[in-house]
Amino acid sequence: MSSGLPRHGGNLTQEALRLGLKPSQLLDASASLVPFRPPRVLRRALNHAIAGSALRNYPDREQQELRQVIATWHGLEATAVLPGNGAAELFTWAARDAVACGVSGLPEPGFADYRRALACWDGAVHSLPLSLSWPRTWPQPWPLPAAPDQPFQVLWITNPHNPTGQLWSRASLEPLLQHYSLVICDEAFLPLVPSGEAQSLLPLVETHPNLVVIRSLTKLLAIAGLRLGYAVASPERLKRWQQWRDPWPVNGLALAAGRSVMADQFGMNRWLLRVQDWVAQEGSWFHRQLTHLPALSPMPSSANYLLVRGNGSLLELRERAALRGVLLRDCRSFTGLGECWLRIGLQDRRGNRRILKALREELR
Ligand SMILES: Cc1ncc(COP(=O)(O)O)c(C=O)c1O
């Protein structure tokens, strides 16, 4: 991976400084968060926590209540759940286990944070190139063979995949568990995908101690600044991670926010419907609109982001869109992609129109 290139989207403050604009003038489609305000129950819980003692007191080191409500939501034991400071923190501990098992196989282009986490422990990586064309049907079978003589012992899966938006079928992932010492499945975006939950590996964790599933709440609830995610894995593994990490990795406000949302099962189900409906409706509308733009080919995606491929370099287009206040994800830091690719995070209709207008005017 080239150094100096943005490894993540969502660099709003830095981009605003670079462009001489205020963050509020920018539409950030380089990150992929739901475009709604966080659920009301969460905002209320935050106000309540601030008015109470959540700022003054140390947060619960065991995250007991939050573990319990997440476990109840998924029908698991609380000991099989570990909340984290976003999914990103949990990759660090998953990577430590991965390195103890051997070499990590990383499908690429893929999410850069796995390499960051593995580098913390001097982990070795075996890159697994993914094809850059794929059908529009979901879910799709896992595309890489699981031969017995492969030079890696750990497989990292992202479902749906980032940056491509491909949704992998559970039926094709399940047999992989027999082939690797450890399988780490990042389901950060799965709850946003219409009918995505049916492909989750969560139901397999109890019977497969070599499986770790990691979820993020930052995208789903639009709380990237608050930070919250969780891992589901064997209790022994999670106990080990708990001993390695900082004493208070999940702050009191994140605990209160997570507890409020995950305990409100009716509200959460309504939220999921709203989000998945947005991805289905807006995703297909936006994709259709992009096909009308010259020199850009939008790729199919099951998720709330999609890749576009250009006939040539899209870097200048990206920069000119940025000067109009529209941030798109530079894909040069994704192994296997380059200047001809951009990733766009889905917005509400108004935001999507703004993106289309900026692209249309710059492509004229
Ligand atoms: C595939 C994937 N997993 C995990 C994360 C990180 O999630 P969190 O914000 O909860 O750390 C991201 C962030 O972009 C992501 O794209």
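Okay, let's start with a charge and a ring: R343 lies over the face of Y305, 5.8 Å from the ring centre. Keep in mind that what we're looking at is a predicted model. There's another contact of this kind, where R96 sits over the face of W244, at 4.0 Å from the ring centre.

Now, rings with rings. The count here comes to 13 aromatic pairs. One of them is F111 with Y114, and that pair is edge-to-face, with 5.4 Å centre to centre and 85° between the planes. If you wonder why I quote two numbers, a pair of aromatic rings is described by the distance of the centres and the angle of the planes. So how exposed are these two? Y114 is buried, because its relative accessible area is 4%, under the 20% cut-off. F111 comes out at 21%, so that residue counts as partly exposed.

Okay, on to a helix, α11. It runs over residues 349–363, which is 15 residues. From first C-alpha to last, α11 reaches 21 Å, close to the 21 Å expected at 1.5 Å a residue. Which residues of α11 are buried? They're G351, N352, I355, L356, A358, L359 and E362. These cover an arc of only 160° around the axis, so they end up on the same side of α11.

Technical notes:
Residues numbered from 1 in each chain as written. Predicted model: local features only at pLDDT ≥ 70, side-chain atom pairs only at ≥ 80, totals over all residues. Heavy atoms only, no water. Helix = DSSP H or I, 4+ residues; strand = E, 2+ residues; numbered from the N terminus. Expected span 1.5 Å × (residues − 1). Buried < 20%, exposed > 50% of the residue type's maximum accessible area, 1.4 Å probe, protein only. Arc of directions from axis to C-beta. Phe/Tyr/Trp six-rings, centres within 6.5 Å; stacked < 30°, edge-to-face > 60°. Lys NZ or Arg CZ within 6 Å of the ring centre and 35° of its normal.
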